[in-house]
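This briefing is meant to be read beside the sequence and the coordinates.

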Amino acid sequence: MSNNSQTLLDIFQEILAASGNSSDTKIINETRILSALKEQASKGKPENFGSVLIKVVSDVQSKLNLSIKPDGYCGYCEGDFRDVIHAYNGIHGYVSLMVCTIGVIANTMNVAVLTRRDMAAAPINRLLKWLAVADVFVMLEYVPFAIYKYLVLPEKLDFPYSWAMYLLFHMHFAQILHTASICLTLSLAIWRYIAIKYSDRSHILCTERRCSIAILTSFMLPPILCIPTFMVFDIHTKNITAVNGRPAYIAYHVDSDSQGRLYQLNFWVHAVLIKLLPCSILTVISVWLIRALYSANQHQKNLRNYSACPAAEKMVKRQHKADKRTDRTTKMLLAVLLLFLVTELPQGILGLMSGLLGWCFFKRCYDLFGEMMDFLALLNGAINFILYCSMSRQFRQTFRQLLLQRHLARFLPPNPSHSDSHNQNTCTEKIKR
């Protein structure tokens, strides 16, 4: 007899002995064990039969070192890190609200600075402006979602139809605008690549018209890419039963059909086309931009070591200033691209593995990291203002002028209107006469 069988036999003998049926313990069957359990339960309250069963199962688990798993259980994403992720998920509501508040203010200032006349002239600043606009709407919409899901819902435990409708809207709205941000970031990278790689023809290739086309495409393409998501996710119902077994109320929730080709297609489109493909392109362009920066630094060193006539030195200094300005812009955009890769690449990998490994991986892993991925996406949209201020002198100067102009406008007298100035000139002419 194996050790496990002997341990089970000992447990059953203890049950029989406790119930007073310890005679002939060699003959143990289901009827005797069940009657012993009922007799043990009847010694206390009548409804304690279930608690006795739970105690027996717990004893078996502890003595045999067993872990009873539910049907359909899979062992993905096991480990101590789950406790860390669950601990963060408990405070995600408060953290996301703080990030959204800061992000809305920061991106509003981005739009205010990038729409100034001297900043709006550059096509690349137009792309940055619309990227800030998309991030503002993503964060504004996330605020009511976070308040209800993480602050109100745990207290009420109420799942009305209106909440399911808003959850479905939140899912589609956030994905469309976030995909638009991805397209705008990809347009930024390609735009900068063309401007540096083909600098002699950049005034022909990087025109205002093509910039407008890139912006329009970035907002028109996401609804098309998200069509599989529209068709997969829908509102489902679930009867929540009370203690007496009757349905207490109906809970409405958003879920997807875990079977079918459309479900698989949705994950492939989301993971490959929306996440991994842009990340791959951005990785290649980022590596090329880093190499271009290194070559530019080597070129500047050669120019500084070059001795020539005074006229040539002035030309070298002017070229050196222009190169430094170009390098600062490239470094700023490179920081934006690298931050984007850190945010989006894990989502793409998890989405791809959900499509390959199926529903169980999606529920065990993708749902587990959902709040963390939301936090990274929100942080990515909120931190751009800091990048612009720290890496762009023109952005800092324009922002400073914007603040000073609004601050000093309170103390300056209002500008006279055209009619007032005309009347003043007329009065002056009459006095001279």
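Accessible areas here come from the Shrake-Rupley method with a 1.4 Å probe. On that basis the protein chain exposes about 26200 Å², of which carbon and sulfur atoms supply 61%. The model is a predicted one, and its protein chain holds 17 helices and two strands.

**Overall organisation**

- Of the 433 residues in the protein chain, 37% count as buried.
- When contacts between residues at least 6 apart in sequence are considered, 71% of them join residues at least 24 apart.

- Trp-163 touches Phe-145, Tyr-148, Lys-149 and Leu-153, when residues up to four places away in sequence are not counted.

**Nonpolar surface**

- Tyr-76, Trp-268, Leu-345, Ile-349, Met-353, Leu-356 and Leu-357 make a nonpolar surface patch of about 600 Å², to which H12 gives the most, with five residues.
- Met-353, which is found in helix H12, has a relative accessible area of 32% and is therefore partly exposed, since that class lies between the cut-offs of 20% and 50%.

**Salt bridges**

- A search of the whole structure finds four salt bridges.
- Arg-364 forms one of them with Glu-78, and the closest N and O atoms are 2.6 Å apart; because Arg-364 lies in helix H13 and Glu-78 in the loop between H3 and H4, the pair ties together parts that are 286 residues apart in sequence.
- Within this pair, Arg-364 counts as buried at 19% relative accessibility, whereas Glu-78, at 40%, counts as partly exposed.
- Arg-126 forms a salt bridge with Glu-208, the closest N and O atoms being 2.7 Å apart, and this pair links distant parts of the chain, with Arg-126 in helix H6 and Glu-208 in helix H9 (residues 208-225), 82 residues apart.
- The side chains of Lys-275 and Glu-344 also meet in a salt bridge, at 2.5 Å from N to O; Lys-275 lies in helix H11 and Glu-344 in helix H12, so the pair ties together parts that are 69 residues apart in sequence.
- Both Lys-275 and Glu-344 are buried, Glu-344 having 1% relative accessibility.
- Leaving aside neighbours within four places in sequence, Glu-344 is in contact with His-178, Ile-182, Lys-275 and Cys-279.

- Thr-343 lies in helix H12 (residues 310-357) and counts as buried at 4% relative accessibility, while the side chain of Thr-343 reaches the backbone oxygen of Leu-339 at 3.0 Å.
- Thr-343 touches Leu-376, Ala-377 and Asn-380, not counting residues up to four places away in sequence.
- Cys-77 is found in the loop between helix H3 (49-64) and H4, where the phi of Cys-77 is near 55 degrees, a positive value in a residue other than glycine.
- The relative accessible area of Cys-77 is 19%, so Cys-77 is buried, given that the cut-off for buried is under 20%.

Definitions and conventions: Residues are numbered from 1 along each chain as its sequence is written. This is a predicted model: local features need pLDDT of at least 70, side-chain atom pairs count only at pLDDT 80 or more; totals for chains, interfaces and linings use all residues. Side-chain values use heavy atoms; hydrogens and water are left out. Helices (H or I, at least four residues) and strands (E, at least two) are DSSP runs, numbered from the N terminus. Buried means under 20% relative accessible area, exposed over 50%, partly exposed in between (1.4 Å probe, protein chains only). A polar contact is a pair of N or O atoms within 3.5 Å; within protein, one must be able to donate a hydrogen and the other to accept it, and residues adjacent in sequence count only if both atoms are side-chain atoms. Contact means heavy atoms within 4.5 Å. Patches are made of residues with over 30% relative accessible area and no salt bridge: like charges are joined within 9 Å, nonpolar side chains (Val, Leu, Ile, Met, Phe, Trp, Tyr) within 5 Å.
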